[in-house]
Structures are given as structure tokens and as C-alpha cells.
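Biologist: Hi, I'm new to this one. Could you put it up and walk me through it?

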Amino acid sequence: MKILTLNTHAWMETEQLQKIEHLADFIREQQFDVIALQEVNQSKEEEALSACDLERFFRTEPDTVVRQDNYTFVLLQKLGIPYYWTWIPVHTGFEKYDEGLAILTRTPVTDAFSEYVSVIRDYENYRTRKIVGVKAEVRGEETWFVSGHFGWWNDEVEPFRGQWDAAQEKLDTLKESPVFILGDFNNVAQIRNEGYDYVAQKGWNDLYASASFKDDGATVTKAIKGWDENKGKLRIDYIFSNRPLQAKSCHVVMNGIRGAVVSDHFGVAAEL
């Protein structure tokens, strides 16, 4: 099984369409079974897609309006490979977009959910956070895949610990199946006794840590929004499993070495 997670920084990148082409090329080359995306934006005023356009879309939230410039939809058009997918809006992003979370699978989605993990639920507040999960049969086993974009450990208003506790409560209801949670956790693996350790102490297996082959793992290497003073290498994007699995490999991708740079984050790809 091959899995990818990427914070796309959608429509905030220069040469955005070219970067979507680069990502599509990489996905075609790697043939991922499942892809989790964060910061998946669409313009609030763009025309809605038709039912025909959404043939393989799984409507996790009944009132979701998917628009023509939805980043995932545009990516799928460039990709030309059929993926089943879902997308949910979470909050207003960058003051003008519907910002959300997406998951793509090669096999049909059989079930899905969305869940708030933040106490704040104001759509205009960037601290509003959700997770989205889909169930699909991958390599012969029904498995849950969850995409999330969490807040920071030391946020005085919406700290990571409370958001993870809310996520854990939902994830516990899925534990009879294999569960993978992927995404931008905004917590640095190298910092002890903060978010990374908190997740690991709850029994979650970091596929990077257990992988037979891996690189330095850094997914942010410059100052970005939320890490405005950063000058180092941060590992803040992860693929966690509720099972003690050992990945064949787990590498940083879309970093100029394995795939072109397409976002202010690099992606993480794992093969099991």
C-alpha cells in the first residue's frame, strides 16, 4: 500500500497550475492508493460543479458545495486517473477561500465522517478545526483513512492537546479496523513532551519512525505562516497508524529531490 499526505497551500502558490501539474505527474508515477490533502481551497464565489462532475465524489457533509476551482477537482482533471474522493470545508482560509480537507482513494469510499476537533466552530475563525475520514477496501482490507490539520501545542486559545483528545475520542470508535491518520499536525517531532509525544503515548505508530528506509523527515524548512520565525528543519507532517506496522519506506516528497516543490510544506509518502 502506498500513501501520501500533503498540505497543499492551495491557490496561495506562485505558478499554481504548473505546480498542480507537477503533483499530478508525481501521483501518476507513484500510483498512490490513498492521498490525504490539507489546506485544500476553493474560491467562495466560483460556480458550483455539476452532479456529472462529481460522479466519484463522496458527500461526507450533506450541504457541501464543491466549486469549479476546488483544488482537488482541478488536480483530478490534470491527473486523468480515476480516484474516488471527498472534501469538506473547515473554515475561511486566507480571508477569501473555503479551506478544507480532502482524501482520495483508488477504490470506492464505503463510509465517511467529519468531526470538529476544536472547541471553536466559527467558520470565519482559522482556529476552527475538523478531521475527515473515509473507509475503503485497500489491498483486500477495509481501512479507515483520516486527514487532519491541527493547531499548535502552545496555542493559548485552541491548544493541540484538546484537539487531539477530541480526535482520539472519534478515532476510538473506529479501532476495530486499521486506521491511518495523516496530515499537518503543527507539532515538531524533535520537541519532547509536546504534541508528537502526546500522540505516540496514545498508542499511535509513526510510519516514519518505524520505516526500514527513510530520510531526514523534514517537511518545513523555512519560515511559513504559523512558523513565522522558523530557520530550521521541522518534521510536522505525519502518517500515523493504530497498528504496530513497519513501513518498507517513508520519505519526504515534493521537496525538489523526490518530486518538485509544490507547496510551502513538503509531503510524506509511505509504502507498506
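This is a predicted model: local features need pLDDT of at least 70, side-chain atom pairs count only at pLDDT 80 or more; totals for chains, interfaces and linings use all residues.

**Around α2**

Modeller: Let's start with what covers the buried residues of α2: that includes α1, β2, β3 and β4. Buried means under 20% relative accessible area, exposed over 50%, partly exposed in between (1.4 Å probe, protein chains only). Helices (H or I, at least four residues) and strands (E, at least two) are DSSP runs, numbered from the N terminus.

Biologist: OK, how many residues of α2 are buried?

Modeller: Seven of its nine, so to speak mostly covered. They are Y71, T72, F73, V74, L75, L76 and L79.

Biologist: What sits at the ends of α2?

Modeller: N70 caps the N-terminal end, with a side-chain oxygen 3.0 Å from the backbone nitrogen of T72. After α2 comes G80, whose phi is positive, near 75°.

Biologist: And how do α1 and α2 pack?

Modeller: At an angle of about 60°, with their axes 9 Å apart. That makes α1 oblique to α2, because angles under 35 degrees count as roughly parallel, over 145 as roughly antiparallel, 65 to 115 as roughly perpendicular and the rest as oblique. Axes here are lines fitted to C-alpha atoms, for helices over the stretch in contact, and angles run from 0 to 180 degrees between N-to-C directions.

Biologist: Which residues meet there?

Modeller: Among them, L17, I20 and I27 in α1 meet residues of α2 including Y71, V74 and L75. Contact means heavy atoms within 4.5 Å.

Biologist: Switching topic: which residues touch the most other members of the largest nonpolar core?

Modeller: I27, Y83 and W85, in a core of 32 residues. A nonpolar core is a set of buried Ala, Val, Leu, Ile, Met, Phe, Trp, Tyr and Cys residues joined through side-chain atoms within 4.5 Å. The largest share, six residues, comes from α2.

Biologist: What does W85 touch?

Modeller: Not counting residues up to four places away in sequence, its contacts include L54, F57, N70, F73 and I103.

Biologist: Last one: is T64 buried or exposed?

Modeller: T64 is buried, with a relative accessible area of 7%. T64 lies in the loop between β2 and α2.

Key:
Residues are numbered from 1 along each chain as its sequence is written. Side-chain values use heavy atoms; hydrogens and water are left out. A polar contact is a pair of N or O atoms within 3.5 Å; within protein, one must be able to donate a hydrogen and the other to accept it, and residues adjacent in sequence count only if both atoms are side-chain atoms.
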